[in-house]
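Biologist: Before I look at any single residue, I would like to learn how to read a model of this kind with care. Could we go through the features in order?

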Amino acid sequence: MIRLTRVAAVLFVFAFSAFSQSDRGTLTGTVSDPTGAVVAGAPIEARNVETGAVYKAASTGAGNYTLAQLPAGNYEMTVVVLGFKRFIRQNIELPVAQTLRTPPGLAVIYPKE
């Protein structure tokens with residue numbers, strides 16, 4: 001009876017771990033300007049190219065952002081902040097169960113003279 005209980009426990013653990021696997025990944029990074037200074041409150045938008053689904057976040061006071069639990073796939077990231085050129089990065093391939101660091105570097109818009 002003890003052996004049967006142990007076998008059942010092992011099977012339960014393996015069955016549970018099979019359900020815990022996911023088709024999700026994470027995009028993360030730090031938004032900064034050309035001098036390396038962080039940009040707080042920057043709106044981050046990641047669009048899944050295949051589905052059109054849009055996921056949004058904003059950078060923290062330290063310039064960090066995280067978009068967790070995104071379905072694996074091809075993404076386009078956009079960051080738009082007043083005073084900076086629009087940042088667009090295409091062809092971000094997010095694999096299953098991975099975290100990709102995608103640090104947007106923003107370029108300053110200089111006024112025309």
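The dialogue below moves from confidence to strands, sheets, core and single residues.

Biologist: What kind of model is this, and how are its residues numbered?

Modeller: This is a predicted model, in which local features need pLDDT of at least 70 and side-chain atom pairs count only at pLDDT 80 or more, while totals for chains, interfaces and linings use all residues. Residues are numbered from 1 along each chain as its sequence is written, and side-chain values use heavy atoms, with hydrogens and water left out.

Biologist: What is the mean pLDDT of the chain, and where does pLDDT stay under 50?

Modeller: pLDDT is the predictor's confidence in each residue, on a scale from 0 to 100. Here the mean for the chain is 87, and 80% of the residues reach 70 or more. Where pLDDT is low, the predicted coordinates should not be read in detail.

Biologist: How many helices and strands does the chain have?

Modeller: Both are DSSP runs numbered from the N terminus, helices being H or I with at least four residues and strands being E with at least two. The chain has 1 helix and 7 strands, and from the N terminus on the elements run α-β-β-β-β-β-β-β.

Biologist: In which order do the 4 strands of the open sheet stand?

Modeller: Two strands are taken as paired if DSSP finds at least two bridges between them. By that rule, 4 strands form an open sheet in the order E3-E2-E5-E6, with antiparallel pairing. Strand E3 (54-58) and strand E6 (87-94) are at its edges with a single partner strand each, so one side of each is left without a neighbour in the sheet. Neighbouring strands of this sheet are turned by 20 degrees against each other on average, direction ignored; the axes are lines fitted to C-alpha atoms, for helices over the stretch in contact, and angles run from 0 to 180 degrees between N-to-C directions. Within the sheet, 5 bridges join strand E2 (residues 43-48) to E3, and Glu 45 stands opposite Lys 56 in E3.

Biologist: What is the pairing in the open sheet of 3 strands?

Modeller: The pairing there is mixed, and the order is E4-E1-E7. E4 and E7 stand at the edges with a single partner strand each, so one side of each has no neighbour in the sheet. Strand E1 (residues 24-30) is joined to strand E4 (residues 64-71) by 6 bridges in an antiparallel arrangement, with Arg 24 opposite Pro 71 in E4. To strand E7 (residues 99-101), E1 is joined by 3 bridges, and these two run parallel; the bridge partner of Thr 28 in E7 is Arg 101.

Biologist: How many residues of strand E1 are buried?

Modeller: Buried means under 20% relative accessible area, exposed over 50%, and partly exposed in between, computed with a 1.4 Å probe and protein chains only. In E1, 5 of the 7 residues are buried, so the strand is largely enclosed by the rest of the structure. Of the 113 residues of the chain, 30% count as buried.

Biologist: Which residues have the most contacts inside the largest nonpolar core?

Modeller: A nonpolar core is a set of buried Ala, Val, Leu, Ile, Met, Phe, Trp, Tyr and Cys residues joined through side-chain atoms within 4.5 Å. The largest one has 18 residues, and those with the most contacts inside it are Leu 27, Met 77, Val 79 and Leu 106. Two or more residues of this core come from each of E2, E4, strand E5 (73-79) and E6. Beyond four places in sequence, Met 77 touches, among others, Leu 27, Ile 44, Tyr 65, Phe 87 and Pro 104.

Biologist: Is Ser 32 buried or exposed?

Modeller: Ser 32 is found in the loop between E1 and E2, and at 19% relative accessibility this residue counts as buried. Among the residues that Ser 32 touches beyond four places in sequence are Val 38, Pro 104 and Leu 106.

Biologist: What is phi of Asn 91, and where does this residue lie?

Modeller: Phi of Asn 91 is near 55 degrees, a positive value in a residue other than glycine. Asn 91 lies in strand E6 and, at 61% relative accessibility, counts as exposed. Ala 97 has a positive phi of about 55 degrees although it is not a glycine; this residue is in the loop between E6 and E7 and counts as exposed at 62% relative accessibility.

Methods: Contact = heavy atoms within 4.5 Å.
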